[in-house]
Amino acid sequence: MMIEKIIVRDFRSHEFTKVTFTPGINLIIGQNGSGKSSLLDAILVGFYWPTKPKDLKKEDILRVNGKSTEITIFFKKDNVKYQLHRNITRGIAFVKYQESNSWHYATEAGQQYVRRWMEKVIPYDIFVNAIYIRQGEIDAILESDESREKVVRKVLGLDRYENAYNNLLEVRKAIDSKINAIEEYLTAMKNIDEMIEETRKSLSETIKQVNELTPKIPELRKEAERTEKRLSELEELVEKLNKAKEEKSRIEKNLEGVRTRINSLVSSINERRVKIQELERKSERLEKIKPEAERYKELEKFQKEYSEVKSRIEKELKGYEGKLSQIEERIKELIGKEEELEEIREKVEGMTETLEGLKQHAEEYEEAMRIKRTIESLKKRLTLSEGEIKALKNEIEKAKKRKEEIREKLEKIGEEKGELRSLSGEKDKAISELMKAKGKCPVCGSDLTDEHREELIKSYRMEIKKYKTKLKELEKEEKDLRTELKKIESILKKESIVITNEEVLKQIKENEEKLAQFNLKELEEKAGEYEKLSKEKNQLEGKLKGILEELKKKPMLEKMKRNIEKKMENARKELQKYEEKFKELGFESEDSLKAELEKLRPLYEEYLGLLDVKEELEKEKKRLYEEEKELRDLKSQRKQLEEQLSLLMETIAKLEKKYSKEEHDKLKKEHVEKREALTRAETELKNLEKRKEELSKTLESLQKERDNVKNKKKELEELRKARERVQELREKVRKFKNILKEDALAKVGEYASEIFEELTEEKYSGITVKAKENKVVLGVIYDGKERDLSFLSGGERIALGLAFRLALSLYLAGEIPLLIMDEPTPYLDEERRRRLVDIMERYLRRIPQVIIVSHDEELKDAADRVVRVRLENGVSRVEEVEVG
């Protein structure tokens, strides 16, 4: 597998990023927090979302203020090009492959379909353990022998064999469980023939009992039905007798109620006739005093109406007089305001002419003040004096020239370093060829003796040492120049400050020249006079406006005055009409009317007391009629009830002659006994039938079980053979895992020894790797002796961890075409980081494609392609550079 390109949108700090990868070593470089490791996370998410990685959630990867997270990866596998695309936010995913210059879907679209397809191409566990070296794995290698063994198991895939070994144990346990179950079953079924014979005997006995009991049940049922029929006849007779007695009791009660009501009605009718005579006398009196009562009512209504109208009109007239007085006073005030209005108008016209002459001076003063404020604001923005600006400009010009000189020197040093590395590599290659050569010398062509070989190798190694010394000198000079370059860059950053201050100083001078053209003292006096006069004019105009508004009210007030005078006249006319009506009714004054009312009041009150007499008389007559009718009906009902009672008593006497309580009680007891005997017989027969059926089923089941016992014996033999085969296979898996582990660790130890020797300048002559139960123990060879890891310094321990982890990946290099490393140099010192560059050149180039994420600038010397990542305003930006 080889990754060709990745495109990410709204993923963590990346808004839109496109990165191309090539065969060889690809370095993603940038400061901590710039978003470089996020590109590796994007590859993981792109390949294995949504179930892997487990620690990532949708909300964790969407960029702040981003709309939709999208990842597209172009990669090559088995010479076929693929395009994998995921939109995490919208849940869209697909994989396409290229064939004949056109793209085709590799699987169904959808997040889960794409993940399952990717698992088949490269399983997630293989990707993260063999291909991807993550931050923290080196710490796990150094932490303990146990944690180191876990890393080895994961990377080499030994977990699969361990799982197979454990799974086979579970299979064996399952087989053992089945064997035990069958053995228990066969033990339980050893007496199956005896059980069948006993069941047959029980079934035969039950059938015999059923045949004996069956004929007896019809006879018992016939006896029970006979007693039940006679009992039913007696119970029907009892029911009729009880109903007749209840009916007799009801009629007697109704008859008593009718007689009581008749007596009550006779008394009530006599009383009501006396009351009707009294009411007829009162009705005649009501008709006699009715004319005087109606006259009283008419006069009282007029007197009340007159009093209300008189009071209202007098009150209205008093209110109108007050309002009229106020309106006349207000009209008088407004006539005086008309004279004041003309005086104010003349004053305002004079002020307007004066202000026109002062207006230009006021505007010039306002412009001068604006320029003065601008100058003060610009002076606050000024951070350098004129002299400081000049000095800083000279310093920046010198820094620019020095920067160009340093760049030229750095380019020259880079060329020299490349040439020295090339020469050193040639000598290394020559030494390697000399060590392998036999017969003729590959350098001069003469016979190759051991002395000649050693002499040449020693000579080449001296030259290599000189190259390395010169390289160190160049690297020191390069480092000093880069330090100076950083200082120069800090000076050049001040150029924008100088430009800003120059521009501000120029604006201050221009505004000061404009301000000098104004006579500020004279303008300030004229502007003050303008402002004072404007204020006075505004006050007079406000007063003028107020007077005009008040004068608008004068016509309305005059109209209101006329309306009030008209209302007063109408009220007086209304009161005069009522006074004229007094005379029409025959009264000279209100007092004579009141005297007449006092005279008529007693008759009116008597009239009011007799008003309900007619209605009450009609009601009493109606009630008398109803009571007389009810009395006639009750007498007829009494006669009918007496006749019914006589007939019912004769019926009861006849029924009592037919019924015998003694016979009834005896028959009840006999019926219960016969019914219980029948029930017992039926229940017993039912139980026997059920037992017969159960025994038949049991016999059939036991016969089937006898056949099943034979099958289980055969199955037991097969399971015992299968258990032996599983145990043999389990032992083979264990042995194969141990052989694979020992072989792998031996080869990993060789690679790790070579890398560790390089990293420690051959201070140590090798690494020992020993596999123990759940442990991988590391040691180092120093001065011909094996030492444990406590012998190493802190930096050497880190170098050992890195060497061991790289060796694991190199062991798998024949199987994996891709290696990803996340921050491999966080704890290495400067010298070991430089050596790591040589190791990358020598060893990692065995892997077709390597992707490294680091913040270490030195690694770019070994890279074929460099991708720089930086953070600008919270967004990751990418720059791609071809270097080799």
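E287 is partly exposed, with a relative accessible area of 41%. The structure is a predicted model. In this model the side chain of E287 meets that of K614 in a salt bridge, 2.6 Å from N to O. The pair ties together distant parts of the chain, since E287 sits in helix α9 and K614 in helix α16 (residues 613-658), 327 residues apart. K614 is also partly exposed, at 40% relative accessibility.

K248 and E252 both belong to helix α9 (residues 216-381). They are four residues apart, about one turn of the helix. Their side chains form a salt bridge with an N to O distance of 3.2 Å. K248 has a relative accessible area of 24%, so it counts as partly exposed, the class between 20% and 50%. E252 falls in that class too, at 34%.

E857 is partly exposed at 36%. K860 is partly exposed at 26%.

| Salt bridge | N to O distance |
|---|---|
| E287 and K614 | 2.6 Å |
| K248 and E252 | 3.2 Å |

How many salt bridges does a search of the whole structure find? The count is 66.

Terms used. Residues numbered from 1 in each chain as written. Predicted model: local features only at pLDDT ≥ 70, side-chain atom pairs only at ≥ 80, totals over all residues. Heavy atoms only, no water. Salt bridge = Lys/Arg side-chain N within 4 Å of Asp/Glu carboxyl O. Helix = DSSP H or I, 4+ residues; strand = E, 2+ residues; numbered from the N terminus. Buried < 20%, exposed > 50% of the residue type's maximum accessible area, 1.4 Å probe, protein only.
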